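Visitor: Before we discuss any details, could you put the structure on the screen and then take me through its aromatic pairs, its sheet and its confidence values?

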Amino acid sequence: MNTDLTDRNYSRQSHLIVNAKYALTPSEINLILTLLTAIKKEDKDFKDYEFTLTEFNKKTKKSMTTKDLNNTVKSLMSKPLEIYISEKKWKIFHWFSYFECDDSLITCRFDKALKPYLLEIKDRFVISDLRMILPMRSSYSKRMYLLLKEYSKIGMRTFNVEELQEILKVPKSKKEKYSKFKSDVLKKAEADINKFTDLEVNFTEKKRGRKVVEITYTIKKNHADLKAFIGYIRELYVNTLLYHTKDGRPLKCSDKGLLYYSDTMENINKKESMQLWEYLHENQARLTCFQGNLFDEEEVIRKLQGE
């Protein structure tokens, strides 16, 4: 049976969707982000996306039952997202117009009002890798990652605490005491993002009197497991083709742990090597030594933009 859930793991959302106000469970967010990967670059409009529960569980590495899916969909369909462009200009949407289950085949369609925010986006957008978000159990962690990913190239993002709580739709029980919000949302998200994603983040607080009114995140590339990745390559893939550069040059790692071009046996200098190690680490799923030619991130971004 054909399925729209392919091996694509990247999805794209307008920054307005990323910063919208909504509250979802981890399962609901996982469902949305997984189905976003079904959107193809050539899609000019939303279509009926079809998949089986088996394919969904395989892609997400979850074990959702038909009943679980039914409950998740019913809950999700009752939770709108709110976009506030200004005080007098706002929009309220639902993520999907419908879901249908017919035996083993599940069909759904994104709400057509979301088309400007999910298809052919030419303005600010956020590209995310599903594989980094799925392992996080907290819905707040998943959302904070997307909010910080938007500013990853800037390296910093400041939030007014009350405004962030509104974006995340934090319940009153977590709002009443900042210490509760800090431990259950901020610190948990910081730990999850640093553990599972390509970002390394930490935050500082700004007080007005005794009250924390702002938090500022510093955002860097996550190198926590870069050393482990380099060690892995150096141990198991010595003198093995890692990938071909854009100009076709074969890159390998020597028995001394140095990157080199095997066509000329030319060792690569320290600065360039570190940049290459970072690139290989970020795109490790596409290395030639694993399963094929190295994934070209710039090309994928162009494809996601529909160029």
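Guide: One definition is needed at the start: rings of Phe, Tyr and Trp, the last by its six-membered ring, pair if their centres lie within 6.5 Å, and planes under 30 degrees apart count as stacked, over 60 as edge-to-face and the rest as tilted. Please also keep in mind that this is a predicted model.

Visitor: How many aromatic pairs does this rule give, and which residues form one aromatic cluster?

Guide: Counting by this rule gives 12 aromatic pairs. The members of one aromatic cluster are Phe46, Tyr49, Phe96, Phe99 and Phe110.

Visitor: Why is the pair of Tyr49 and Phe110 edge-to-face, and which parts does it tie together?

Guide: The ring centres of Tyr49 and Phe110 are 6.0 Å apart and the planes stand at 70 degrees, which is over the 60 required, so the pair is edge-to-face. Both Tyr49 and Phe110 are buried. Because Tyr49 belongs to strand S2 (residues 49-52) and Phe110 to strand S6 (residues 105-110), the pair ties together parts 61 residues apart in sequence, namely S2 and S6.

Visitor: What is the geometry of the pair Tyr178 and Phe181?

Guide: Tyr178 and Phe181 both lie in helix H10 (residues 178-196), where they are three residues apart, about one turn of the helix. Phe181 counts as buried because its relative accessibility is 0%. With 6.3 Å between the ring centres and 55 degrees between the planes, the pair is therefore tilted.

Visitor: In what order do the strands of the open sheet of three strands run, and which are the edge strands?

Guide: The pairing in this open sheet is antiparallel and the order is S2-S6-S5; S5 and S6, for instance, are joined by six bridges, and Phe99 has Cys108 in S6 as its bridge partner. Helix H4 (residues 66-77) packs on the sheet, touching S5 and S6, and its direction makes about 165 degrees with that of S5. Since each of them pairs on one side only, the edge strands are S2 and S5 (96-102).

Visitor: Which residues have pLDDT under 50, and what is the mean pLDDT of the protein chain?

Guide: Residues 292-301 stay under 50 in pLDDT, with 24 contacts beyond four places in sequence in the model, and residues 303-307 also stay under 50, with 10 such contacts. Where pLDDT is low, the predicted coordinates should not be read in detail. Over the protein chain, 92% of the residues reach 70 or more, and the mean pLDDT is 88.

Terms used:
Residues are numbered from 1 along each chain as its sequence is written. This is a predicted model: local features need pLDDT of at least 70, side-chain atom pairs count only at pLDDT 80 or more; totals for chains, interfaces and linings use all residues. Side-chain values use heavy atoms; hydrogens and water are left out. pLDDT is the predictor's confidence in each residue, from 0 to 100. Contact means heavy atoms within 4.5 Å. Helices (H or I, at least four residues) and strands (E, at least two) are DSSP runs, numbered from the N terminus. Buried means under 20% relative accessible area, exposed over 50%, partly exposed in between (1.4 Å probe, protein chains only). Two strands pair if DSSP finds at least two bridges between them. Axes are lines fitted to C-alpha atoms, for helices over the stretch in contact, and angles run from 0 to 180 degrees between N-to-C directions.
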